[in-house]
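Hi everyone, thanks for coming. Please have a look at the picture on the screen, and then I'll walk you through it.

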Amino acid sequence: MMFKKVLSLGLIAVMMAGACQVFAQESVQPADWALSELNDAQAYGVAPNGFEKQLNEVLTIDQLNFIAEGLRKKCEEAGLVLEQASEIKRGTTREAVLDTYYEVLKGYQGRLDLKSDYLAYMRDNQIVKGYGQQELGLEQDCTLQEALVLATRVVENVYEQLGLGTEGFLWEVSDEDSTVYLLGTVHIGKSEVYPLSKGLNEVLENADKIALEVDFGNQEGLNYLAQKQMYTDGTTLEDHVDAETYRRTVEALEAFGIPEGQTKLFKPWAIANTLTVLTAQATENLEEVGAYQPIDAYVYMKGLFEEKDILEIEGYAFQADLFENIPIEYQLESLNAGLDMIETITTDKAEISDEKVAEEAALMNEMLQYLKTGDIEGFTAVYPKDESIESGDIMAQALFEGRDAHMSEKVVEYLQDENKATYVVVVGAGHMIGKGGIVSRLEKLGYTVNIVPR
C-alpha cells in the first residue's frame, strides 16, 4: 500500500500548526536568560502541564515529583538501568532541588560520574550558575523556572557523559560566501528524540540564520491554512464523502473528544493529516498531540529565543494549496487509510490487522532510531521516495518533485549570501535524499556536499 506508506512518512509542517505556542498570552513572562532552556524543558518532558503560568512561583512538591519522574524517564530512554532507587527527602529550596536531582541519578550511577557529592557534581558540570562559587543561594526558595532550567542541564549532562543525543541527518555545503548546514528531520514529536547531540546543538548555536519549511509564527499564513482546511461554500464533509466514510470519521474523532459538529466542517485532507499525527504519536488524548515538539518546531523556538534570523522556505499558504490541489480521490484514499490505522488503536472494529499496525509502528520507530544516530544510509534504505515517484503515485509526486527543486533553489540563494553567513536549513528528511532530492541537486550544480560526522 505504497500511497499510505509515503503519506505516513511524508508528514510536513502543515500538521504541526500551533505546535510552537509555548508561552501563551496568559503565561508569566519568563526571564530572558531562561527562555531557551525552558524550551528544552518542554522538549525533554520534564515541564509540568501549565508550567508557563507559574514560572516565578515557588516550586511545589507535586511539581518537583513530576520533574524527578521526567529525569528518570530520560535516564531510561538513555539506556540506563535502575540499580537502586534512593529515598528522596524533597523540599523546595535550591539545595533540596539539586539534592533531589542528584539522588535520582544515583540510582543509575553505574555509568555516570557523579563526583563525590551533589554539590561537586552540580558545580563541576556547570549545572549551578549565576551565584558564583562561594555563594550559590542554596537556602533560597527555588522557583519553578529555576527548577526547570536546572533539570534541563542535568539531562544534558547525563546524555553528554553517555555520548548520546539525537544527531539528525546533517550535511554541510559551502562556497566562498556562506556555509549552509542541511538538517533533515522527521516531523513527529517524541520525548526520546531529545536532547539533541552536543555537536548538533553547536551547529544550531553558531548559526546566523535558520530556514524552515514554514515560519510557525506567521499569523497570516496560519489564518490562510485555517480557512483552506474548512469548507466555506455552505457544504460539509458529509456532502463530499460516502456515508460509511463519514460515519467512521465522526466516530474516530469523537474518540478524541471532537464533536461531529466540528468534524464535518473540515476537508478530507485536513482530517487525514490529523489522523496521521494521532497514529504516529500513538496518543489517547488529542491534547497530548504536539506536547513534544517535532525537531522543526523545537529549532524554531530555539532560534527565536536566541535571536536568530528565521527564514521561511515555503509557508503555510504554499503547503495548504499543495494539499488543496491533490485530486479528491487521493484525499479520500488518504482519509480512509488514516481511519484504518486510528481504528486499530481506539476500537476493536479495525479494518486492518494488528500485524499491519505493528509493522507501521516498527517502521516509524526505525526511522526515529536512524534520526537519533544520524544514520542517513539506514533511513534512505527504508524510505520509499524514489520508488513511489517512479510508480506515478500522485501524492508522492506532489510531496516531493516541485518542492525539492524549490528548496534547492533557496539553498543556492543562501550560499550566494555575500555576508558570509552561516545557515541551517531544516526540512523533512525525505526532501534531502533521493535522485531529485536537495543533496543530489546541489551536487549536480557542482557543490560539494559532505555528511557531517557524528
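Let me start with a question: does Lys420 count as buried or exposed? Lys420 counts as exposed, because its relative accessibility is 56%. For these words, buried means under 20% relative accessible area, exposed means over 50%, and partly exposed is in between, with a 1.4 Å probe and protein chains only.

Before I go on, a bit of housekeeping. This is a predicted model, so local features need pLDDT of at least 70, side-chain atom pairs count only at pLDDT 80 or more, and totals for chains, interfaces and linings use all residues. Residues are numbered from 1 along each chain as its sequence is written, and side-chain values use heavy atoms, with hydrogens and water left out.

Okay, the overall picture. The protein chain has 20 helices and 6 strands. Those are DSSP runs, numbered from the N terminus: helices are H or I with at least four residues, strands are E with at least two. There are 454 residues in the protein chain, and buried ones make up 56% of them. The accessible surface comes to about 19,500 Å², and 45% of that belongs to carbon and sulfur atoms. Those areas come from the Shrake-Rupley method with a 1.4 Å probe, and for residues only the protein chains shown count as cover. As for contacts, meaning heavy atoms within 4.5 Å, take those with a separation of 6 or more: residues 24 or more positions apart account for 81% of them.

Now, back to Lys420. You'll find Lys420 in the loop between α18 (394-415) and β5 (422-428). Lys420 has a positive phi of about 55 degrees, although it is not a glycine. Why point that out? Most residues other than glycine have a negative phi, and most peptide bonds are trans.

Lys115 is another one to look at, with a positive phi of about 60 degrees and, again, not a glycine. Lys115 is in the loop between α4 (94-106) and α5 (118-124). Lys115 counts as partly exposed, because its relative accessibility is 38%.

And for the peptide bonds, look at the one from Tyr194 to Pro195: this bond is cis, with omega near 5 degrees. Pro195 is in the loop between β2 (179-185) and α7 (198-206).

How many of the 7 residues of β5 are buried? The count is 7 of the 7, so β5 is largely enclosed by the rest of the structure. Who are the neighbours? β2 pairs with β5 in the parallel sense over 7 bridges, and in that pairing Tyr181 stands opposite Val424 in β5. Strand β3 (residues 209-212) also pairs with β5 in the parallel sense, over 4 bridges, and here Leu212 stands opposite Val426 in β5. To say that two strands pair, DSSP has to find at least two bridges between them.

Next up, salt bridges. The rule is a side-chain nitrogen of Lys or Arg within 4 Å of a carboxyl oxygen of Asp or Glu, and by this rule the count comes to 20.

Which part of the chain does Lys385 meet in a salt bridge? The partner is Asp404, at 2.5 Å, N to O. This pair links distant parts of the chain, with Lys385 in helix α17 (residues 385-390) and Asp404 in helix α18, 19 residues apart. Both Lys385 and Asp404 are buried.

Compare that with Glu244 and Arg247, whose side chains form a salt bridge at 2.5 Å, N to O. Both sit in helix α9 (residues 243-254), 3 residues apart, about one turn of the helix. Glu244 counts as partly exposed at 39% relative accessibility, and Arg247 as partly exposed at 33%.

Helix α18 has a pair like that too: Lys410 and Glu413 lie 3 residues apart there, about one turn of the helix. Their salt bridge is 3.4 Å, N to O. Lys410 is buried, with a relative accessible area of 19%, while Glu413 is partly exposed at 45%. And there's a network as well: salt bridges that share partners join Glu213, Glu314 and Arg403.

One last stop: Glu343, in helix α14 (residues 328-346). Glu343 is buried, with a relative accessible area of 8%, and a polar contact of 2.9 Å joins its side chain to that of Arg248. A polar contact is a pair of N or O atoms within 3.5 Å; within protein, one must be able to donate a hydrogen and the other to accept it, and residues adjacent in sequence count only if both atoms are side-chain atoms.
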